[in-house]
Amino acid sequence: MTAVTDEVLTFDEAMEKYDPVLGFEVHVELNTKTKMFSSAPNAFGDVPNTNVTPVDLGLPGVLPVVNGVAVESAIKIGLALNCRIAEKCYFARKNYFYPDTPKNFQTSQFEDPIAYDGSIDIELADGTVFTIEIERAHMEEDAGKLTHMGGSTGRIQGAEFSLVDYNRAGVPLIEIVTKPIVGAGSRAPELAKAYVAAIREIVKNLGVSDARMERGNVRCDANVSLKPKGQEKFGTRTETKNVNSLRAVEHAVRYEIQRHAAVLDSGTPILQETRHWHEDTRSTTSGRPKSDADDYRYFPEPDLVPVVTNEAWIEKLRAELPEPPAERRKRLQADWGYSDAEFRDVVNAGVMSSIEDTIAAGVSAAVARKWWMGEISRRAKLADVEPAELGVTPELIVELNALIESGKINDKLSRDVLDGVLAGEGTPAEVVEKRGLAVVSDDGPLLEAIDGALAAQPDVADKIRGGKVQAVGAIVGGVMKATRGQADAARVRELILQRLGVEG
Amino acid sequence: MADLIHLTADALAQKLASKEVSAVEATQAYLDRIDAVDGAINAFLHVNTDEALLVAAEVDKARTDGDTLHPLAGVPIAVKDLIVTKGQPTTAGSRILEGWQSPYDATVVRKLRAAKMPILGKTNLDEFAMGSSTEHSAYGPTRNPWDLDRIPGGSGGGSAAAVAAFEAPLALGTDTGGSIRQPGAVTGTVGVKPTYGGVSRYGAIAMASSLDQIGPVSRTVLDSALLHEVIGGHDPHDSTSLTDPVGALVEAARMGQVEGMRIGVIKELQGEGYQAGVLTRFHESLELLRSAGAEIVEVSCPNFRYALGAYYLIMPSEASSNLAKYDGVRFGLRVVPEGTPTIERVMGATRAAGFGDEVKRRIILGTYALSAGYYDAYYGSAQKVRTLIQRDFAAAFEQADVLISPTAPTTAFKLGEKLDDPLAMYLNDVATIPANMAGVPGLSLPGGLADEDGLPVGIQLLAPARQDARLYRVGAVLESLLEETWGGPLLAKAPEIAGGK
């Protein structure tokens, strides 16, 4: 689809005149075994309409039953976002007709969310911290997935027919809603990305969601409005729906800021509406008008009893919470003694946990970093997988490192040993044995190779005899080449100097 | 086999247990009766001949083999067509579900199958249980066996008429505002609305979730208790189902005792609007209970006067949402209009063609009542009234162990008489609705025939939530006292069914 390109101001121009106000609704799909209100499996990627029970299809006569694990997940998310947990909360029906919603209402929460009044600190790359207030986190169910066939837009308008897959219908969702975020200024796009990244990290760390944005496990609706600098009153907002990658969140917020600024500059009011994000053009297009008077005819779900929590249950769940990601990072950096830059690289490479495990298995922080940021990251990049997915275990690194430290192999040989281990040839020691990779430590064959190298480069030999000890590298290189790398370079150097009668 | 079909369920069960009668004989007798009279009554939308006989044969074989069987094994039953059944159509009395078959059984149906009760078929009802006369069925009205020109009550007119016409010894009904009790009253049968949550609603097509309740329909109080014990109890598929055990209901019905009990006459449920013959029979019942040693006290439930109004906000509100799923997308009728068939137009055309007038009326009412700006005034206020009604009941039950009233203000009215006057139709449920609003159990039993028209009058007993046993205890006594005065069951006075074979 060719999007109608709206007029935009440059970001800097927009920032000179306006202050952005943000707000986010992030939907997190839980990874419970079964759905929110039925016993159907909660699984991604299965044959359409196979993970369904009569409840998920909204057949006549069915009734929902709340998934207790989903309630616990909701409470954990609430606690991780420093929310208050409701003592008693209700489900409500949100009524609207749409074919991806089998009952033509979504079972959600309205006036009484399970978690409310929270906040999280978001740290930007340069260390600036913004506190984002969380209005609420509530439980609801996902809709099915529509695929519109025919037509050019992939949208329902103009489609010849539409296919619907109800496997996703009823998957537990937690919707996390922020309060308006004021004061981010030009950091707004960056903050947007960092906020969604933080939510994703928190729910992943809690183990309550697979948190894979490409699968829609975490979906963001981004609200943006602008107000002229100095004005208190918020401007009219737009809601860009389903922005489903971190980068897209940043770009969508930036684009909407620039678009709003152009519209406001032209003296036209902003239309309150939903917007669609287009990754290809990095722009948004108009969705449907959305007013605060959208009438979903909410009323308390009469088929479900209230969810009642108690102090003991909440405290038990609180005690089970894992260490928050931000605190964990601070602790690990201090423990390992990495510089800010080193640590940021580790985090960005996604190997922090691997390094932690490897250190625990018995190597130094420096050695763990050398392996995970060096050889393993290099291989992961080549294979286009995450470093942790290569099958390199902390124990393997410990063994390889022990072989190096004992002088049995060198760094270069260790890569061959790793190849062998990953190819299933056995333990590092077995690979060394089978491939004959041990460093040559018998001086006899080395001296032979040294004599050969000296004879091949008599001029260099003369230089060394004449006191230019730094020239010894060329001879060492020749020896290493002759021994196919299996020599201990330090020992070779020592022997060359001995041979030439020069003090090292 | 005329004798067989006139047996009570309890008596039939005993004859089956003693092998005096086989389940196949009993089932066949009822199927023959359906064949003979249902052309005139139209109680059944579907007759389940083959499966019913198959189950009956299984029972007979099991009995020959000496297997342990449920006491009601082999006793046939009819099921209101609002309750989903595998292997048979379920229509809810609506065109929009014509030809639809459920892939799953309602919990109560699973229980009937577990007890090996042959299911005779599915009974007629007002569309989606919306009505008090069964005239709102898309498949034609059911007629009252006492007078074929009169209504059998509603919405469960089919179940009540089937039992009254000896087409079934037992039936299942559903009661949202009186749909079991009022048909019981006007057909001279017994009907019970259990405590809300006492019987699983899983598989009962929802009209108003917070009010709907499945319950037994029978010819005697004891028979209802027997069926109630089969269908009652907790169901993990229904979050609103109670965890309490179902209770010793049969024992209560067999014991039947009122001496020393305080029976409260609800001041607001008599007098103006009540037919003279109904009140005469009602007062006779009070005298009988008094003579049996009960203390008759008067209680006041001042907020009951708002019950009907509040009910007609809450019920349509919930119904408007519950009925949204009938859109032609996944099951049931689909109407594709001429021109470009967008999803909105298909949904609209399907619902326009598939729903009858009364259903549309309530969907519109409910949609309006839930709308932004009206919610507080309508739905919100109605919920407050509901609380007040619950308080009235609580106060009344401090003064009385059970409450009593006529079940319906009048005897059966004529077919067509109130069809064009929805409000007059709604008023028929004025005495039954408060129980649904408060979730308390209610039982209707025959109180005799009204002098002016010779038609059955219903007496309603109400008990506190979870005290369903009290209904059976008092109901059994009143039934036996009344039958003494009549010289036998009231249904023995019913005319032969004209038009029957």
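Two residues are in contact here if their C-beta atoms, placed from the backbone, lie within 7 Å. The views below are taken from a predicted model.

View 1. A:Asn31 belongs to the loop that links strand S1 (18-29) to helix H2 (68-80) of chain A. A:Val208 is 177 residues from A:Asn31 in sequence, yet their C-alpha atoms are 5.8 Å apart. The threshold for a buried residue is 20 or more other C-beta atoms within 10 Å; A:Asn31 has 21 C-beta neighbours inside that distance and therefore counts as buried.

**View 2. The contact between chain A and chain B.** Chain B contributes 36 residues to the contact and chain A contributes 25 residues. On the side of chain B that touches chain A, helix H11 (307-322) and helix H12 (343-354) of chain B each supply at least two residues. The largest share of that side is the three residues from H11(B). By residue class, the side of chain B that touches chain A comprises 18 nonpolar, twelve polar and six charged residues.

**View 3. An open three-stranded sheet in chain A.** The strand order is S5-S4-S16 (chain A), and the pairing is antiparallel. Strand S5 (105-108) and strand S16 (299-300) of chain A form the edges; each has a single partner strand, so one side of each lacks a neighbour in the sheet. Strand S4 (residues 92-95) of chain A is joined to S16(A) by two bridges, and these strands run antiparallel. A:Ala92 has A:Pro300 of S16(A) as its bridge partner.

**View 4. The buried side of helix H2 in chain B.** Within helix H2 (residues 9-17) of chain B, the buried residues include B:Ala9, B:Asp10, B:Leu12, B:Ala13 and B:Leu16. These residues span an arc of only 160° around the axis, and they therefore lie on the same side of H2(B). The elements of chain B against which the buried residues of H2(B) pack are helix H3 (23-41), strand S4 (170-174), strand S6 (214-218) and helix H8 (221-231). After H2(B) comes B:Lys19, with a positive phi near 60°.

**View 5. The nonpolar cores, with B:Ile77 and its contacts.** The largest nonpolar core has 242 residues, among which A:Ile77 and B:Ile77 touch the most other members. Helix H3 (residues 188-206) of chain A provides the largest share of this core, eleven residues. Apart from neighbours within four places in sequence, B:Ile77 is in contact with B:Leu112, B:Met117, B:Ile119, B:Leu120, B:Ala168, B:Leu170, B:Ala171 and B:Leu172. A second, separate core has 38 residues, including A:Ile355, A:Leu437, A:Val472 and A:Ala487.

**View 6. Strand S10 of chain B and its two partner strands.** Strand S10 (residues 442-449) of chain B is mostly covered, with eight of its eight residues buried. Strand S5 (residues 190-193) of chain B is joined to S10(B) by three bridges in the antiparallel sense, and B:Lys193 stands opposite B:Gly442 in S10(B). S10(B) also pairs antiparallel with strand S11 (residues 456-462) of chain B, over six bridges. One of the bridge pairs is B:Leu449 with B:Pro456 of S11(B). The hairpin of S10(B) and S11(B) has six residues between the strands, and B:Gly454 in this hairpin adopts a positive phi near 65°.

View 7. B:Ser155 is located in the loop between strand S3 (119-123) and helix H6 (157-164) of chain B. B:Lys116 is buried, with 20 C-beta neighbours inside 10 Å. A:Asp384 is placed in the loop between helix H9 (365-383) and helix H10 (394-405) of chain A. With 7 other C-beta atoms within 10 Å, A:Asp384 is exposed.

How values were computed: Residues are numbered from 1 along each chain as its sequence is written. Chains are lettered from A and ligands numbered from 1 in the order in which they are written. This is a predicted model: local features need pLDDT of at least 70, side-chain atom pairs count only at pLDDT 80 or more; totals for chains, interfaces and linings use all residues. Helices (H or I, at least four residues) and strands (E, at least two) are DSSP runs, numbered from the N terminus. Ala, Val, Leu, Ile, Met, Phe, Trp, Tyr, Cys and Pro count as nonpolar, Asp, Glu, Lys and Arg as charged, and the others, Gly among them, as polar. Two strands pair if DSSP finds at least two bridges between them. A residue is buried if 20 or more other C-beta atoms lie within 10 Å of its own, exposed if 12 or fewer, and partly exposed in between; C-beta atoms are placed from the backbone. The arc is that of the directions from the helix axis to the C-beta atoms. A nonpolar core is a set of buried Ala, Val, Leu, Ile, Met, Phe, Trp, Tyr and Cys residues joined through C-beta atoms within 7 Å.
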